[in-house]
Amino acid sequence: MRIAEQYRELESRLPADWADARFVLNVEDTGRAERAASLLTPFAPGRVGGQVRFTVPRHGGRLDQAHRLLERIDREGITGTLELVTSSLGAPALAESRVGWPPAAEQWDTAVAALPEDWTDVYAQVELASSDFLEPGALLMGPLNPARYGGAVGFRFRVGKYGYGAAPGMARRCLERLDEVGIGARVEILRALSDTKPVLTQGPVWYLEGKAV
């Protein structure tokens, strides 16, 4: 069975409220595993020998993208066995109504609009409505390199127009992904700098509680 067909069959077995699914592709010709991994680059695959591991989020158009890329692998004559490793469920849709917070992406827009026009670096925080959201939240915010802080239920991350931190557009998109699966979150910009000009560095470094962030 072609790999794309295996994927569709495995996807049909997932629960109705699944949020993301992790797969491993066992490529028959180990020498072609690297090519298979390169075709799956948008899903940040990991490869060990002839195995290619990747995770497919359900939202944000990623399902159609996964279908297209796996069909391309088939067209290139790469064969193998696809296995479903695990999946996670979507966050409860009641989160936002329970806490009364606006959508996270909307909060981000409001916070950024309050910054000076020449802002260049931001250190921000996302507080989640429940500890149940920590694992799926970390996955959805992965491109921001989210870090836990203290015992709080949430993450902190950096955003920069260059150098350290995620790009502003990526930050907004990750917060939008929280909204899409119903994860209630409160967004706050903790620190911001304007018109920084790095010289032989990747940008400014903040120190909080004796640690660089």
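Leu 82 is buried, with a relative accessible area of 6%; buried denotes under 20% relative accessible area, exposed over 50%, and partly exposed the range in between (1.4 Å probe, protein chains only). The residue lies in strand 4 (residues 80–89). Helices (H or I, at least four residues) and strands (E, at least two) are DSSP runs, numbered from the N terminus. Leaving aside neighbours within four places in sequence, Leu 82 is in contact with Ile 3, Gln 6, Tyr 7, Leu 10, Phe 23, Val 24, Leu 25 and Phe 54, where contact means heavy atoms within 4.5 Å.

The model is predicted: local features need pLDDT of at least 70, side-chain atom pairs count only at pLDDT 80 or more, and totals for chains, interfaces and linings use all residues. Residues are numbered from 1 along each chain as its sequence is written, and side-chain values use heavy atoms, with hydrogens and water left out.

**Chain overview**

Seven helices and nine strands are present in the chain. Of its 213 residues, 42% are buried. Among contacts with a separation of 6 or more, 74% involve residues 24 or more positions apart. The accessible surface of the chain comes to about 11,100 Å², and carbon and sulfur atoms hold 50% of that surface; the areas come from the Shrake-Rupley method with a 1.4 Å probe, and for residues only the protein chains shown count as cover.

**Nonpolar cores**

A nonpolar core is a set of buried Ala, Val, Leu, Ile, Met, Phe, Trp, Tyr and Cys residues joined through side-chain atoms within 4.5 Å. The largest such core has 27 residues, and those with the most contacts inside it are Trp 108, Val 122, Val 126, Leu 128, Phe 157 and Leu 178. At least two residues of this core are supplied by each of helix 5 (104–113), strand 5 (119–128), helix 6 (134–140), strand 6 (154–160), helix 7 (168–180) and strand 7 (185–194). Strand 5 gives the largest share, five residues. Another core, of 26 residues, lies apart from this one and includes Ile 3, Leu 25, Val 52 and Phe 54.

Strand 5 also holds Asp 121. Asp 121 counts as buried because its relative accessibility is 1%. Its side chain makes a polar contact with the side chain of Thr 120 (2.8 Å).

**Helix packing**

Two packed helices are described by the angle between their axes and the distance between the axes. Here axes are lines fitted to C-alpha atoms, for helices over the stretch in contact, and angles run from 0 to 180 degrees between N-to-C directions.

| Helix pair | Axis distance | Crossing angle |
|---|---|---|
| Helix 5 and helix 7 | within 7 Å | roughly 145 degrees |
| Helix 1 (residues 3–12) and helix 3 (residues 62–75) | within 7 Å | roughly 150 degrees |

In the pairing of helix 5 with helix 7, Ala 104, Ala 105, Trp 108 and Asp 109 meet Pro 168, Ala 171, Arg 172, Leu 175, Glu 176 and Asp 179. In the pairing of helix 1 with helix 3, Ile 3, Ala 4, Tyr 7, Arg 8 and Glu 11 meet Leu 63, Ala 66, His 67, Leu 70, Glu 71, Ile 73 and Asp 74.

**Positive phi values**

Ala 44, in the loop between helix 2 (33–39) and strand 2 (46–48), has a positive phi near 45 degrees. Asn 145, in the loop between helix 6 and strand 6, has a positive phi near 55 degrees. Ala 44 counts as exposed at 64% relative accessibility, and Asn 145 is exposed with a relative accessible area of 64%.

Key. A polar contact is a pair of N or O atoms within 3.5 Å; within protein, one must be able to donate a hydrogen and the other to accept it, and residues adjacent in sequence count only if both atoms are side-chain atoms.
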